[in-house]
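Have the sequence and the 3D view ready.

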Amino acid sequence: TMRAKRIPKIVSEILFFIVALHNKLQSVSSLSQKGNTDRMTRPSFLKSILVFSAIGSATVPSAYAFATSNNNSNSDNTSNTNIEKNDRFNQNSNTYGFADGDVFSMNSVTSRPTVAYKSLSLNMPQFGVDVPVALWFKPEEDSNTSTETSSLSPMSRSINANQSTTRSDQDKKPIMDYPTIERSTISISSDTVKLQTATYSHRISVKKIGSLLAGLSFIPEFFAKDFTLNPTSKSGSIVDGSFTTLPSTLTSSSSSKPRTNRPIVILAHGFLGSRFDLSHLAEELALQDFIVLSPEYPESLSSSYPSVDNLDRSSINEQLLKFIDGELKLTPSSYGIVGHSLGTGTVMTTGDNTWTRVCIAGPPIRRDGISVTGNTLAITSVNDGAVSLSRIGSMIPESFVRLDEKSLDVRIQERSLPSKSILIIDRDDAPNHISFLAGNVNDSMVDFLSPLLPVAQALKIPVLDFDKYKESRDSEATADVVIPLVVSFLKQYMV
């Protein structure tokens, strides 16, 4: 135990030596090549020490804990990633009450609509990289499938008992319910059909964060952490789409693929985001018969592939559309795209005027001044410290109709959302910039990056409202407002 406690200090001292050596080598190299001592400045040197020390404190204890836990218990062979349990989820089960990676009978989900999740690889031949793409869809059904009408339950998620919220116990119900929809539920009588619960392999790279936010190029690549995230939906069961044992009613050769004529929605994450940022929205859209794809863009904190000159969001989306038509062989009935933060720029520059668009925490305009017609929903908040209302207020076109949060449920039920709509969440406990992201993603950031927050603040490095979210923990409350609105808007104009 005493040795374990000394590890962060030892690592910090080692890193201090590495940085000092790095600085000395830079000075010698500079002297030999330029004839002068172009040394690292003292503030930059101190910045390096602070960052490395914080990284050591953040990564070493968890790594040590994982290593010792592996020595003391049998390893889990159901996953190829190091599983880091999320505080918001029970240590032994996910949101459905099944253990991570468990195999369960189809009878346990017969009464629940089922969504399949797959991790795809998008080959970018002109750049020599493969881009990860998350895919959610409802598996194909046959004539034995029963159809039922029901009201979707709110997006219920587990909350850490120790976290503080601004809402009272009696006010924890959602601000609105989900719209009533027609949906299909797989009906199977066999007890032998097995499915595996889906999990999301998520990664946070400190090197990528430091490089993009502060220009710190010296952070080693191994300062990263892998997470296995659980789906957050309680409206349905999210299963592994790569399952090998298909349900008895899904035995056709195409049954593990999405149906070809559904509407398609692309999700565009923000700066230092990930393909799972809007996974809670993806799960709900897939439950309602959308096919949802979420690529990882070059600015992702996951850093799943190396940076390549000229590889950008537009080139990835262009290749993704070819992939949808060619590899997936889909003929979508309509296209939609949803983006958060920097992703709203992607939203406004992708597709044509037939696409339906949703901009979350970002302006619904193109920065090049080109006008975009078509159906567009914008959502912003008065508490967004990264993309403030004062900053984007003048960018909101006059054609947009402002929605009243208190009457959203009526508009949703009546399918009367204007084709140009904007919701400005204006209350004391309004969301911050990352409150719009899935709770499991935010929790992984809080778990891993909290030790780095004081360093970032001391060095005045932008933290994109991470400090606010660490206190508010309001992903669930925000989703209760945002997801029904986004789903309803897309259904109204795409289906």
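## Before we start

Keep in mind that this is a predicted model.

## Salt bridges

Side chains of opposite charge can pair when their charged atoms come close. Searching the whole structure turns up eleven salt bridges. One of them brings together the side chains of E221 and R203, with 3.6 Å from N to O. E221 sits in the loop between α3 (206–214) and β8 (224–229), while R203 belongs to strand β7 (residues 200–205), so this pair ties together parts that are 18 residues apart in sequence. Both ends are partly exposed: E221 has 37% relative accessibility, and R203 has 23%.

K225 and D447 also meet through their side chains, in a salt bridge of 3.2 Å, N to O. Here K225 is in strand β8 and D447 in helix α9 (residues 439–449), so the pair links parts that are 222 residues apart in sequence. Are the two partners buried or partly exposed? K225 counts as buried because its relative accessibility is 11%, under the 20% cut-off. D447, at 31%, counts as partly exposed.

## One more pair, and a network

R427 pairs up with D429 in another salt bridge, where the closest N and O atoms are 3.0 Å apart. R427 is partly exposed, with a relative accessible area of 24%. D429 is also partly exposed, at 27% relative accessibility. Elsewhere, salt bridges with shared partners join R203, E221 and D226 into one network.

## The largest cavity

Now for the empty space. Rolling a probe the size of a water molecule over the atoms shows where empty space is left. How many cavities of 30 Å³ or more does a search of the whole structure find? There are three, and the largest cavity has a volume of about 60 Å³. It is lined by 13 residues, and H280, F436, A479, V482 and I483 are the closest to its centre.

Which helix gives the largest share of that lining? The answer is α12, with six residues. Both α4 (279–287) and α12 (475–494) supply at least two residues each to the lining of the largest cavity. Sorted by class, the lining of the largest cavity has nine nonpolar and four polar residues, with no charged ones.

How values were computed
Residues numbered from 1 in each chain as written. Predicted model: local features only at pLDDT ≥ 70, side-chain atom pairs only at ≥ 80, totals over all residues. Heavy atoms only, no water. Salt bridge = Lys/Arg side-chain N within 4 Å of Asp/Glu carboxyl O. Helix = DSSP H or I, 4+ residues; strand = E, 2+ residues; numbered from the N terminus. Buried < 20%, exposed > 50% of the residue type's maximum accessible area, 1.4 Å probe, protein only. 1 Å grid on protein atoms, 1.4 Å probe; cavity = no way out; pocket = protein on both sides within 12 Å on 5 of 7 lines; lining within 4 Å. Points joined across faces, edges and corners; volume = space filled by probe spheres on them. Nonpolar A, V, L, I, M, F, W, Y, C, P; charged D, E, K, R; others polar.
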